[in-house]
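User: Hey, I've got a model open and I'm new to this. Can you walk me through some of its salt bridges and its surface?

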Amino acid sequence: MADKPLYYGSSRATGPMYYGGKGPMYYGGGQNPMYYGGGPKYGGAYGAYGSYGSYGSYGGYGGEGEDGSLVGTITMSRMLRVVSQRWLSVFVFLLVGLIVSFAVYRISPTIYEAKSEFTVDMRRVTRSSSNALDETLPDFGANYAEIFNTRISDWRSEKIVLMIQQQYRTSNPASTVSDDDIVATLADSKLELQRNSRIITISVRSKSAQLAAALANAYAESIEAYTDEENKVRCDKAVSQTHENVEKKRRDVDKITKQLLDFRTTHKVDNLRSSRDTIQQGLSKTTADVLALETQETQLVEWEKLLTEVQKDPETFGSLASGVPRAEEIAKEYRAFQDASGAYQNLLVSYTENHPEVVAKKKELDYARQRFLDASSRALLTGRSTLQVVRNQLSMLRQKQSDLRNDLASVEQQIVFAESGLGKLEAEYGVAHRLLESLILEENKMRIQSEANNEIVRVARQASVPSKPVLPNPIIIFGIGVVLSIGLGLLFVLVIDNLEDTVVNLADIEGRLALKVLAVLPHVRRKRREQVARFLIEDKYSQFSEAVAGLRNLLDSPRYEAFTHCLLVISTQPGEGKTITSTSIAISHAQTGKKVLHVDFDLRRPRLARVWGLEFTKERSFSHVLQAANGGEKPDFSKLVNKSDVNGLDVICSLPPDGVSPATIFGSAAVTDFFEWARANYDRIVVDAPPYGMVGDVVSLAVQVDSVLIMCCPDRTHFRPIQYCSRSLTEAGANILGVVVNDVEVSNVSVFDPTSHRHYGYGYGYGYGYGYGYGYRPKKGKEDADAKGTDGQPVQGKEDESKDVKRKLVHEELADEE
């Protein structure tokens, strides 16, 4: 099946150009449309279509497409065709759009935009238990996007607006801008979280560039002050209870200290006390050193955790205190990593991941990320070394602290023996002092933990006075103007094209009409209709002859053979070539050796007698015999047969009937008897029918035959009549095989090839009647040149040899075709 020509529906692109190869496709093809039946929808009655002699009017058609819309079915091929035909209209719309865009650009107010930036750092620790600190920590979200969405209501609150006004007045004491103008300007301001970062951008727009910059800076500074105030209140609340306990215990220690001093003065134990004091001083210093080292150890542990998390995920990096090892180096590499990440994300907005620029930027991002990880790794090693040193020192100090406490206990034991009362007081003092130290340590830890969980907001970049306005944007205004004007221009030309409602190309037929295109017949230039109809007899090797042969082979194929014993050829209006096509099909069938009957059922305007050059009386007129049969006479249809000059082809012709409507004849039983007689005596019956109109001639004939072919002529056939015809015949039970496209210029045949992606307009010429144009023979080779003598006359022998070569070529093409 892969080797079948394109008129069988094959997609093969090789073979002779007449049979669906690389040349124009004459025999059909398409993309699986509905072969039988009408179009998708049919709307409206058909008013006056135009007067065509005795056929009267066919019914008009409205301005909407077959899909019920004013524009019609929109396809890329149709848009390209319409634009190529009506580009001037689209250009006018474009010109008007540019003029309107320029007017909008000129009258739009000038708006400046200033941007400042601030950073948000929210460092969280794991909540292990419910305590006072956890109760004071607000839950803003798990990531910066949630924090931003949660806090934006606070950052746009009335309190922030008042702080911005105060900050603006402080920074610009000479400003004459009213508070209402400031509030109105801030109402249009925007806060936007930059993607994959902790940076929030404040955008303020105003007609004054200085005001926009000043308010953007005041906004960022106010948010920073507002957050610091919140953090202070939160920290004080978190350690308030512990601070009260520390103050209470401090008062108790002071009381015991006074008692000890009084007792010491009274009981004169200075020596022992001096020794004990010396030990206590050493112990206190050691304890303070232990506390300091423990605090340093805590900080180093936190830094180690932070740097370890950065090694796992660089995006979790926030900021480091100045005491962190290599803090400046890490910050520098992180900024480089952030810049590379931002540039990479910007490229992803415009390009895909496989774009060369994106790939190159990705490599730069990976290199910056590795440098950042290396810097944090070096800092982590340094921090761990420092932590180890601190722990060693802490171990030594604790050992020293333990020794001093042992010495102190020994001295106190001696004092106990001497002064039991003083020892009791000192014991009370030691307990109270230790409790105070633990409470102070607990308070410090809670304060450090509270500060670590604070929301840190800092101004990252001050806004500068903008030099260029952001509105009106000429790119946006003129871009929208161009897009809208082109869109309206396309809509306009599509509406105009739809109102014209003519068939232009293959997509129109198979797409809008849902009918199969069986063949495309090229333009044949002859002055008389009779010459065109008998063109197959005159030139068997022309393009037109090959096209008809392809249609004949398609009708004889297994797919259609059961439906083509009796074939009806119709059109929706005169001048579309149905008589010529039916004659050509009949001749082509007869040339294959079949017995063919060609019948003229166009009783209003019979043409076959003129085509075949026949003269006869009313006694042999088909219309008069059928008229007489209605009166009761038994017709003998064999007497109506006229032999043609084509072997195997018989013709039955008609004259206009006398005094009776052809519709009455078509509805008679004699018509049914005729078709029974014809089926019994002929291999093929080809019926030339009248054009389909408001009369019922064609409907009566369509149910008598096996199948129907509808003629279509580009730029002349209208959609609605052919849709109405297809629908009516289908509803009546007729079997519509498809459409034959007629009168196509050779240069435009490719437009009807579904494998072609080119779409052009048409320039069909119509001469007398049907107006056919040139066909052509196969190129004359050396055989044809040798077949003629020097005087131009054929040379016997060589002429026969040339004819044999031509016959051989034709037989080979027909063999490939079958």
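User: Is R151 buried or exposed?
Analyst: R151 is buried, because its relative accessibility is 1% (buried is under 20% relative accessible area, exposed over 50%, partly exposed in between, with a 1.4 Å probe and protein chains only). Keep in mind that this is a predicted model: local features need pLDDT of at least 70, side-chain atom pairs count only at pLDDT 80 or more, and totals for chains, interfaces and linings use all residues. Residues are numbered from 1 along each chain as its sequence is written, and side-chain values use heavy atoms, with hydrogens and water left out.

User: Which residue does E230 form a salt bridge with?
Analyst: E230 pairs with R151, and the closest N and O atoms are 2.7 Å apart (a salt bridge is a side-chain nitrogen of Lys or Arg within 4 Å of a carboxyl oxygen of Asp or Glu). That pair links distant parts of the chain, 79 residues apart: E230 sits in helix α7 (residues 209-238) and R151 in helix α4 (residues 144-155). Helices here are DSSP runs (H or I, at least four residues), numbered from the N terminus.

User: And how many salt bridges are there by this rule?
Analyst: The count comes to 24. Another one joins K361 and E364, at 2.9 Å from N to O. Both lie in helix α11 (residues 356-418), three residues apart, about one turn of the helix.

User: New topic: why does W87 count as exposed?
Analyst: W87 is exposed because its relative accessible area is 54%. W87 lies in helix α2 (residues 87-107).

Methods:
Helix = DSSP H or I, 4+ residues; strand = E, 2+ residues; numbered from the N terminus.
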